[in-house]
Amino acid sequence: MTQQAIEQLANEIEALKPEFIELSDRIWELAELKFEEFESAKLQAALLEKYGFSVTRGVAGIETAFCGEYGSGGPVIAILGEFDALAGMNQVAGIAEEKSDKPGASGHGCGHNLLGAGSLLAAVGLARHLEKNGIAATVRYYGCPAEEGGGAKTIMAEAGVFDDVDLALTWHPAPFNGVRSTNNLAVIEYDIRFKGTAAHASNAAHLGRSALDALELTNIGINFLREHMPSDCRIHYAITETGGVAANVVQARAAGRYMIRAPEIVGARALAERVKKIAEGAAMMTETSVELELGKATNSLLPNLTLETAMHEQMTALGPVPFDDADEAFAKDIQATFSQEAIDSSIRLYQVRDDALSNSRVDGSQPLHRGLRAFEGKSHFRAGSTDVGDVSWVIPTAQCWTPAWAIGTNPHTWQVVAQGKSPAAHKAFVHAAKAIAATGLKAAADPELIDKTWAEWSEKTGRNRAGKTR
């Protein structure tokens, strides 16, 4: 694919961006939680239809999941978008201080308003370019809800909605620009609920059976377990119910939510069984009953270096994100809220060592990343999880990152929400759209690339394109 074709595609996307910036900002304001993104999904689907996509709603039986398709023949290129927010993360936009105008409300603490708008823009831009240039391909945009704690892509993958796709592309907001090949963790989430017997905590404590005691014992048991599990596994929790605030009552109800992560889903399942035994033991010790409800289970991410290399090549041709002095100034104000340790940690987390566009090294002295992360052509560990992983085990999948946030910004923080409507964030998602669309164009024009991605996928999974064992 020529530099001229990439520039033409980029210019076409640039001309489309005002409507998608408006979409991103509106979804930021809606900040709808998992499986409740009714207005956000409606806005995205309507924009797809405006640009000629045929839209199927209620995909995989999920009310807020949908799929838009444009074109026919050639390879089927999937572009994945998200639009769900996080609970309790309301934050005023455009300021460098923690401030909520709706305390307790939700907010886009992971930038999914940007993610969805950027992926949608990529789909529309790519579809229009393919048609204009007479290139046969089918573009599909998958509106994927509930990435935060819902695992909708897992449900969608199990329903077979990706089975006839040739490859999938996506992106995520970050402090850095580039492709990063990662082995994300598989995750299993359980809600553990205890039921006991209420009693007066002073004159009839012997008649009570404390669900809160059982929950505390579960957490103690898990703390002991952490010494005896692999170092690359993780267990996190939140107490979701304490049974009340009265200290003179033996609490009859208590519950917690537990996320169990491991490099592979088999390891996560084995660790989850140990957690279940701890909870059952806590129930026995306190003479309470316990109920475990599976919340979600998502697979680890299967990297595809062939497709990631192709995406890196397109990002190299595109160059850096065109930030200006005003973007730098706001990012500098945001960065001033971080410790040097947080900035250094951010650079280490994203494994940014060298720059593909210059000889300079990223050290955090610039608040925005104005280069391109060098792609090392190999995968490395990242202690996070995403339901994109379940898609990657069905079809070859690649994702990129673009710098919507100041260097040092950690996901799921107020700083992410504060930057969610900034001009720099808008530029970053438009840049991501260009990178995704250019990679899709490369695949549509080069069937050999698709064959190579599938050869790598087959080698890693032991399955061919039909899903059968070789």
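A residue counts as buried under 20% relative accessible area, as exposed over 50%, and as partly exposed in between (1.4 Å probe, protein chains only). The model is predicted, so local features need pLDDT of at least 70 and side-chain atom pairs count only at pLDDT 80 or more, while totals for chains, interfaces and linings use all residues. Residues are numbered from 1 along each chain as its sequence is written, and side-chain values use heavy atoms, with hydrogens and water left out.

**Cysteines**

With a disulfide taken as a pair of cysteine sulfur atoms within 2.5 Å, the count is zero. The sulfur of Cys 144 is too far for a bond, because the closest cysteine sulfur, in Cys 67, is 9.0 Å away. Cys 400 is likewise in no disulfide, the nearest cysteine sulfur being that of Cys 110 at 15 Å. Cys 400 is buried at 0% relative accessibility, and Cys 144 is buried at 0%.

**Salt bridges**

A salt bridge requires a side-chain nitrogen of Lys or Arg within 4 Å of a carboxyl oxygen of Asp or Glu; the count is 28. Three of them are listed below.

| Pair | N to O distance |
|---|---|
| Arg 140 and Asp 164 | 2.7 Å |
| Lys 452 and Glu 448 | 3.4 Å |
| Asp 451 and Arg 465 | 3.8 Å |

Helices (H or I, at least four residues) and strands (E, at least two) are DSSP runs, numbered from the N terminus. Arg 140 is buried at 10%, whereas Asp 164 is partly exposed at 44%. Lys 452 and Glu 448 are four residues apart in helix α13, about one helical turn.
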